[in-house]
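This report covers a strand and its pairing, the pockets, and the surroundings of the ligand. The sequence and structure come first.

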Amino acid sequence: MTSPFVPYPDRYTPPVPPERAAADFYDVLRRRRSVRMFSERPVSRETIEWLVRSAHSAPSGANKQPWRFVCVQDPAIKARIRAGAEQEEREFYARRANAEWLRDLEPLGTDENKAFLEVAPWLVVVFQLAHLDDGSQVYYLKESVGLACGMFLAAAQFAGLATLTHTPSPMAFLGEILGRGKHERPFLLIPVGYPSDDCEVPSKALERRPLEQVMTVV
Ligand code: IYR
């Protein structure tokens, strides 16, 4: 059944020309870094709710919104998530990753120690829903959830918060710890907070290939 169409409500018009508005947004986003050294400085639940609202505003296949954001602040649950992630990561660094993967990770200085999972005030665990809770089907699942996550990261950056896109692999332990249903598959684990005062990021993380290499106009 076709839904009634209405005039586009509340259209956003920037107060400056589009080149300027887009450049201003870029100037915020380009300063985002994946952070692994968090401060214990708290972030309010209200802030996290706004970030989830931004993510939840994302487009999705047939507007099914096939996602769930489990926002963890309980220190006991964070400790269990850290233990689960470190167990998988020990396996990853010792056995699962091939030589090229380990070489690619070297500049990032990552290892199996994931202390940030207990330090960051919030762990937002994003689940993709293989079907909705009522059993109805969903479309373009990965694309939809990926878009929502991108919007979450952008909103956090806009709010002056640091994030990390963490993907301990496999992530099944997250569904178990958080008691999620079988149709909910962990997609991404996003620690959210402020960088610690002594936070450092790898210089490699600052590099982007030139626009000409990633953009073609025909
Ligand atoms: N999940 C591991 C390894 C890792 C993989 C990629 I691809 C990264 O960009 C960063 C890390 C870890 O978190 O250490």
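## Basis and terms

Buried here means under 20% relative accessible area, with exposed over 50% and partly exposed in between (1.4 Å probe, protein chains only). Helices (H or I, at least four residues) and strands (E, at least two) are DSSP runs, numbered from the N terminus.

The model is predicted: local features need pLDDT of at least 70, side-chain atom pairs count only at pLDDT 80 or more, and totals for chains, interfaces and linings use all residues. Residues are numbered from 1 along each chain as its sequence is written, and side-chain values use heavy atoms, with hydrogens and water left out.

## Strand β2

Strand β2 (residues 122-129) is largely enclosed by the rest of the structure, because eight of its eight residues are buried. Burial applies to both faces: W122, V124, V126 and Q128 lie on one side, and L123, V125, F127 and L129 on the other.

Strands pair if DSSP finds at least two bridges between them. β2 runs antiparallel to β1 (residues 67-72), with six bridges joining the two; C71 has V124 of β2 as its bridge partner. β2 is also antiparallel to β4 (residues 184-193), through eight bridges, and V125 stands opposite L189 of β4.

## Pockets

Grid points are joined across faces, edges and corners, and a volume is the space filled by probe spheres set on the points. In classing residues, Ala, Val, Leu, Ile, Met, Phe, Trp, Tyr, Cys and Pro count as nonpolar, Asp, Glu, Lys and Arg as charged, and the others, Gly among them, as polar.

The largest pocket holds about 580 Å³ of space. It has 23 lining residues, of which S34, R36, L105, L108 and T165 are the closest to its centre. Helix α3 (75-96) gives the most to this lining, with three residues. The lining comprises nine nonpolar, six polar and eight charged residues. The second largest pocket, of about 250 Å³, is lined by F25, Y26, L29, R30, R32, R33, L206 and R208.

## Ligand surroundings

Residues around the ligand (a heavy atom within 4 Å) include R36, F92, W101, L105, L108 and D111. Polar contacts are pairs of N or O atoms within 3.5 Å. A polar side-chain atom of E89 lies 3.0 Å from a ligand nitrogen atom, and one of K114 lies 2.5 Å from a ligand oxygen atom.

Key. 1 Å grid on protein atoms, 1.4 Å probe; cavity = no way out; pocket = protein on both sides within 12 Å on 5 of 7 lines; lining within 4 Å. Polar contact = N/O pair within 3.5 Å; in protein donor to acceptor, adjacent residues only side chain to side chain.
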